[in-house]
Amino acid sequence: MAARIEHLVTSGTFSLDGGTWDVDNNVWIIGDDSEAIVVDAAHDAEAIARVVDGRALRAIVCTHAHNDHIDAAPELAARTGAPILLHPDDLPLWKQTHPDKAPDAELADGQGFTVAGVELTVLHTPGHAPGAVCLYAPALAALFSGDTLFAGGPGATGRSYSHFPTIVESIRDRLLVLPGDTVVHTGHGGTTTIAAEAPHLQEWIDRGF
């Protein structure tokens, strides 16, 4: 059966810099009837495992290491045997949530891996976090953007480890060059497309960022 994208919304909290906020997170599952990967194991390992439903889980990919995107990763890994993958630049953030459990392997810019016959490529897109990445699956016309790009513009950069000019540069150089019909599956909220977001980002670029 052809690869498909499945979507789950989980709820919990995001904590950083002494504050805590209620959040809803998108969890994305890419696979077929026999195998899958999970993008951002947020809040509820049991609910995610129910969607995986006994398929071979090849990886738990972390788009970045803010706690709301990784809090359920170790439990999901224990349930399924899947490795947790994270860009090494986000290890300081990871350790704030999981000081006694390290990721199993590193993500690197340009790295490719295959699930259900679909090739995914890692795009390092720092700015929201130093080790933020997106996953691009051209065969699915899909980008899994974490908190780098949302419907309406860039991810937030007002807290520690973030930098607004860097996220704009990442989006300009790594994401706006993708085909306009690429569907952007975000870390929170609704989906969008590269073409829909290009005008918003061009405004920031024109301001000199």
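1. Thr63 is buried, its relative accessible area being 2%, where buried stands for under 20% relative accessible area, exposed for over 50% and partly exposed for what lies in between (1.4 Å probe, protein chains only). This residue sits in the loop that links strand 4 (56-61) with helix 2 (67-70); helices (H or I, at least four residues) and strands (E, at least two) are DSSP runs, numbered from the N terminus. The model is a predicted one, in which local features need pLDDT of at least 70 and side-chain atom pairs count only at pLDDT 80 or more, while totals for chains, interfaces and linings use all residues. Residues are numbered from 1 along each chain as its sequence is written, and side-chain values use heavy atoms, with hydrogens and water left out.

2. The surroundings of Thr63 can be described through its contacts, a contact being heavy atoms within 4.5 Å. Leaving aside residues up to four places away in sequence, Thr63 touches Val39, Asp40, His69, Gly131, Ala132, Val133 and Gly146. The side chains of Thr63 and His64 are also joined by a polar contact of 3.0 Å, that is, a pair of N or O atoms within 3.5 Å, of which, within protein, one must be able to donate a hydrogen and the other to accept it, with residues adjacent in sequence counting only if both atoms are side-chain atoms.

3. Most residues other than glycine have a negative phi, yet Asp40, which is not a glycine, has a positive phi of about 70°. Asp40 lies in the loop between strand 3 (35-39) and helix 1 (45-52), and is buried at a relative accessible area of 2%.

4. Ala141 likewise has a positive phi, of about 50°, although it is not a glycine. It is placed in the loop between strand 9 (133-137) and strand 10 (142-146), and with 27% relative accessibility Ala141 counts as partly exposed.

5. Two strands are taken to pair if DSSP finds at least two bridges between them. Strand 3 and strand 4 pair in the parallel sense over five bridges, and Ile37 has Ala59 in strand 4 as its bridge partner.

6. Strand 10 and strand 13 (residues 183-186) run parallel and are joined by four bridges, with Val183 in strand 13 as the bridge partner of Ala142.
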